[in-house]
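Please consult the sequence and the structure while working through the numbered points.

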Amino acid sequence: MGTKTVDETGVKTDDEKTVKAEEEATTDQTVGEAGEAEDAAADTDDDTASQAAAGGAVEKEGSTGVGQGAAAVVSAGLGIVSLTGSWVGTVASARESLIGQLETSSSSNVGTLIEKGYGDAWHATALWGGAFALVALIVGVVVLARPAFGAPGRPQAPWIKSVSWAGVALGVIGLLLAVLKYTDILLGLPSTG
């Protein structure tokens with residue numbers, strides 16, 4: 001049968017029972033460590049899932065600002081175009097100038113030549129500048145007003161507001177200059193008489 005030994009406390013024990021007890025203790029300890037490892041892995045998976053969900057929420061919020069940001073930049077760009085001129089305005093001006101030259105004859109008076117040859121071209125440039133300024137103004141105002149009609153609690157990025165205000169300001173200035181050019185208050189045609 002089993003042999004009897006004395007343990008550290010001075011009590012006689014059976015060797016086989018001691019070995020079995022030590023094996024069970026080792027097995028329980030191993031099972032306990034495995035359970036803790038599984039719990040830690042489950043916690044990590046939960047954290048990863050919540051971070052992925054949070055990342056998805058951030059991406060959704062970021063994507064709503066992209067359209068507004070793009071519209072704000074378009075508004076500012078159109079405002080700049082209204083001040084500096086556009087290809088369309090240049091072509092329209094050249095076309096009006098050509099039409100004015102074709103409509104007048106060499107026997108026409110100087111006032112008619114200036115009005116038809118250059119005045120109409122100047123007005124065409126003013127009209128196209130005003131059109132670009134008006135579109136810049138409308139787009140800028142829509143971007144600034146968008147949060148009032150969007151999802152509550154989602155603030156608009158400060159840079160979007162800044163660029164939108166720039167587009168609105170450039171649109172107002174461009175529209176004012178277009179009206180002044182069209183009415184000949186600013187850089188009107190020279191008088192011939």
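1. Overall order. From the N terminus on, the elements of the chain run β-β-α-α-α-α. The chain thus holds 4 helices and 2 strands; helices (H or I, at least four residues) and strands (E, at least two) are DSSP runs, numbered from the N terminus.

2. Basis of the model. This is a predicted model, in which local features need pLDDT of at least 70 and side-chain atom pairs count only at pLDDT 80 or more, while totals for chains, interfaces and linings use all residues. Residues are numbered from 1 along each chain as its sequence is written, and side-chain values use heavy atoms, with hydrogens and water left out.

3. Burial and surface. Of the 193 residues in the chain, 20% are buried. Here buried means under 20% relative accessible area, exposed means over 50%, and partly exposed lies in between (1.4 Å probe, protein chains only). The chain exposes about 13000 Å², and carbon and sulfur atoms supply 64% of that area. Accessible areas come from the Shrake-Rupley method with a 1.4 Å probe; for residues, only the protein chains shown count as cover.

4. Contacts along the chain. Among contacts with a separation of 6 or more, 74% are between residues 24 or more positions apart. Contact means heavy atoms within 4.5 Å.

5. Ala-71. This residue is placed in helix H1 (residues 15-84) and is partly exposed, at 21% relative accessibility. Which residues does Ala-71 contact, leaving aside its neighbours within four places in sequence? They are Val-139 and Val-143. The C-alpha atoms of Ala-71 and Ile-160 are separated by 8.9 Å, although these residues are 89 residues apart along the chain.

6. The salt bridge. How many salt bridges does a search of the whole structure find? The search finds 1; a salt bridge is a side-chain nitrogen of Lys or Arg within 4 Å of a carboxyl oxygen of Asp or Glu. The side chains of Arg-95 and Glu-96 form a salt bridge, at 4.0 Å from N to O. Arg-95 is exposed at 52% relative accessibility, whereas Glu-96 is partly exposed at 25%.

7. A nonpolar patch. Leu-83, Ile-173, Leu-177, Leu-186 and Leu-187 make a nonpolar surface patch of about 410 Å². Patches are made of residues with over 30% relative accessible area and no salt bridge: like charges are joined within 9 Å, nonpolar side chains (Val, Leu, Ile, Met, Phe, Trp, Tyr) within 5 Å. Leu-177 lies in helix H4 (residues 158-182) and is partly exposed, with a relative accessible area of 32%.
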